[in-house]
Amino acid sequence: MKASNSLWRDLLLERMPPHLAGEIDVFENEIALKKHGKIDDKVFGETRLRRGCYGQRYDNGQRHDGRATRTLNYPSGDVTKGVSTLWDAPGMQRIKIPFGGLNAEQLEVLAELAEEYADGIAHVTTRQDFQLHFVHIDDTPAIMRRLAAAGITTREACGNSVRNVTACPIAGVCRDEVFDVTPYAKACAYFLLGHPDCQNFGRKFKISFSGCSRKPCALARIHDIGLIAAAREEGGRLRRGFEVWVGGGLGPVPYQARLFTEFLPAEELLPLAQAVARVFARLGEKKNRNRARLKFLVDKLGIEEFKNLVRQERDSLPHDPAWTSWLSDAELFQETPLEPPSSLVKLQDAPDRAFQHWMETNVSPQRQPGYATVTVVLPLGDITGDQLRKLAGIARKYTPEAIRTTVEQNIVLRWVSEAGLPGLYQDLARANLHAPGAQTITDITACPGTDTCKLGISASRGLARELRERLAESGSAMEEAARSLRIKISGCFNSCGQHHVADLGFYGVSRNKNNYTVPHFQVVLGGQWSENGASYGLAVAAVPSRRIPEAVQRILGFYLRQRQDGESFQSFVKRTGKAPLKQTLEDLTEVPPHDLDPSFYTDWGDAREYTTGDIGIGECAGEIVSPVDFQLAASEREVFEAQLLLEKGDFSSAARLAYQAMLHGAKALLAWRGIPLLDGEDSIVEQFRTHFYDTQIFFDPFVGGSFANYLFRARETQAAEQTSDSVRRLAGEAQLFIDACHSCYARLTAQPAKS
């Protein structure tokens, strides 16, 4: 039973830092003012986002106490989606977990909050945060107070702020690391939390720390600031520092981070972060949110000019004692194990094959002999309140409460004495937390998608669940080369599921087929998860959601048949080119008529029709296919052909063809609306601006912006010299523009189904 806010305030005041208590009181007052119409919607929107309170989709299913649930049990009739504020529906509370570090008490608090205020489930995100879904706005101050008393904050978990600072979950115990980045990540997170120089950003800002350059644990190179541990010998002693990357990011169009410096002395970490924040706040885009990330500023200025501006800013900063106080004990930081080191009996002697399989995939020896790290796999990133509570007890029993969340939506236990592994496995099994397959093809990353996200286009979680079950059935029969691949799924183009850096990535799109809007996923191949997310994949085909499992099997089969000895999937894609892979999927892009197979018109985990519409039956029992469908399909083909030219190194021709694809997509919509065109590209672009952009017809209702800007910018930069990176981005932008053309056409032609 929930305790009243006043009771919890009295109980927790002694444990809660005074400044946090005051801030939460202020937020509670702002909620009251908003209810009485005393605060503007936009102002309160940013206020609650900076407190981690986020809107979400919700269904009409109700729990016994009247609170909304995740159960996809929709009644017939209208289903409310995309609710604009938290006053109309439950929302989501995001909880910051810097570097993913937790203790047992904090797990127990999260368990209580999930059960008392949410739907009984806590969700681990790809930024090592926790999220509670179906939370009421009135409950958020109580949630924040109980978290604060346990040393956790929700401040700046969302909004135009420095988001959760992530770090390698095995920092300090990794065999390949240069040094333990944990204290540096913690210092950076709390130094920038609420910092006045970080309050005027146009968009969010992300920072990550990695202990080595080879592994993908922290994906440093997809961040606004990515820091990789480095060391130099100076005066007979080893000096700690960081290789610094800036301007990386995924989103609709991913940008590769640029190297800022090969070695930044550790004592310069915080002043550099502050200087970058000041430059971003001063020069970053504020009006156009689609161009407001740091990656666009770095790209616009060029890395050398950006470095000069940051160095000038750094030199002008007055000394701040916090720069050194936060890091004063960093080199002394170390965790103390609970149990002495020990050795496990020979694994082959273990009678339980399930335990052996779990050991092979979920357990890794630490660099400290006699200890191991254990990955607790959380399918879809979900863990129940009861499981959290049991995991807290397990952590106390076997570890010094050394718990970390991961960017793969799992939890890692560190410092497990090897002899304790059999007992730990049995305890995990009793909590149903013993699933094997960590860091294998079944360990699928997925964003919330259409389950709860207002931006979701396709059911990323539903697809992830289906793929996980099917791939797990293959078990030991699957070849090792396929078992080690990574699958990542996003419900839309925004890449919250990190599909760009997966071996097999998918992002949700929709297509107008047979007068219905049908859920699809774009298949993205060739991303590089290793080396901190070193390169990005590109979309090769839009496949109906229902056929994605078959598409995965096709791709895996093609790879296993054609690969060379020891060849990674990324190297394979680069060697063979994307054309053969696209060809293997060609027949899967077809959608059967609704009356032959209505399942194609629903999405995974949702029995409702995705949308409804008349089936177009033409003469001679053939379908009447709109010219727009033909022309948009031709535009998609041109985008893919541009990728093939990119693979061949013909950057100029690739850029031209990608731009031409966008022109043809725009022309298709203009022609469909009966808008006359003069000869030439300028007429297409200007008419598209007038009739689709200025009227906001082309604006995506969920994104709140328009991908038309990709067309306009491509027109302006046609004469510029093209590079591999610029063409890769242009091809990605062209695909998104064509996806938006499909979406716009589907919205404008949507009709209710005949009864």
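What covers the buried residues of α9? The cover includes the strands β9 (237-246) and β10 (258-265) together with the helices α7 (269-283), α8 (294-301) and α10 (322-325). Please keep in mind that this is a predicted model. The protein has 755 residues, and 59% of them count as buried. Its secondary structure comes to 24 helices and 22 strands. Among contacts with a separation of 6 or more, 71% join residues 24 or more positions apart.

**Helix α9**

- Helix α9 takes in residues 303-316, 14 residues in total, and spans 20 Å from its first C-alpha to its last, close to the 20 Å expected at 1.5 Å a residue.
- Its buried residues are Ile303, Phe306, Lys307, Leu309, Val310, Glu313 and Arg314.
- These residues lie on the same side of α9, because they cover an arc of only 165° around the axis.

**Helix α14**

- Helix α14 runs over residues 460-474; its 15 residues reach 21 Å from the first C-alpha to the last, close to the 21 Å expected at 1.5 Å a residue.
- The buried residues of α14 are Ser460, Arg461, Gly462, Leu463, Ala464, Glu466, Leu467, Arg468 and Leu471.
- Which elements do the buried residues of α14 pack against? They meet the strands β4 (121-124), β13 (382-384), β16 (445-446), β17 (487-490) and β19 (516-525), along with the helix α17 (548-562).

**Cavities**

- Rolling a probe the size of a water molecule over the atoms shows where empty space is left.
- How many cavities of 30 Å³ or more are there? The count comes to ten.
- The largest cavity holds about 150 Å³ of space.
- Its lining is made up of 17 residues, and Pro254, His500, Gly537, Leu538 and Gly732 lie nearest the centre.
- By type, the lining of the largest cavity divides into ten nonpolar, five polar and two charged residues.

- Gln128 sits in the loop between β4 and β5 (130-135), and its phi is near 65°, a positive value in a residue other than glycine.
- Is Gln128 buried or exposed? Gln128 counts as buried because its relative accessibility is 0%, where the cut-off for buried is under 20%.
- Leu219 lies in the loop between β7 (207-210) and β8 (225-234), and it has a positive phi of about 50° although it is not a glycine.
- With a relative accessible area of 1%, Leu219 is buried.

**A loop residue: Asp176**

- Asp176 is placed in the loop between β6 (166-167) and α6 (182-192).
- Its relative accessibility is 34%, so Asp176 counts as partly exposed; that class lies between the cut-offs of 20% and 50%.
- Leaving aside neighbours within four places in sequence, Asp176 is in contact with Cys212, Arg214 and Lys215.
- Asp176 and Arg214 are 38 residues apart along the chain, and 8.4 Å separates their C-alpha atoms.

Technical notes. Residues numbered from 1 in each chain as written. Predicted model: local features only at pLDDT ≥ 70, side-chain atom pairs only at ≥ 80, totals over all residues. Heavy atoms only, no water. 1 Å grid on protein atoms, 1.4 Å probe; cavity = no way out; pocket = protein on both sides within 12 Å on 5 of 7 lines; lining within 4 Å. Points joined across faces, edges and corners; volume = space filled by probe spheres on them. Nonpolar A, V, L, I, M, F, W, Y, C, P; charged D, E, K, R; others polar. Helix = DSSP H or I, 4+ residues; strand = E, 2+ residues; numbered from the N terminus. Expected span 1.5 Å × (residues − 1). Buried < 20%, exposed > 50% of the residue type's maximum accessible area, 1.4 Å probe, protein only. Arc of directions from axis to C-beta. Contact = heavy atoms within 4.5 Å.
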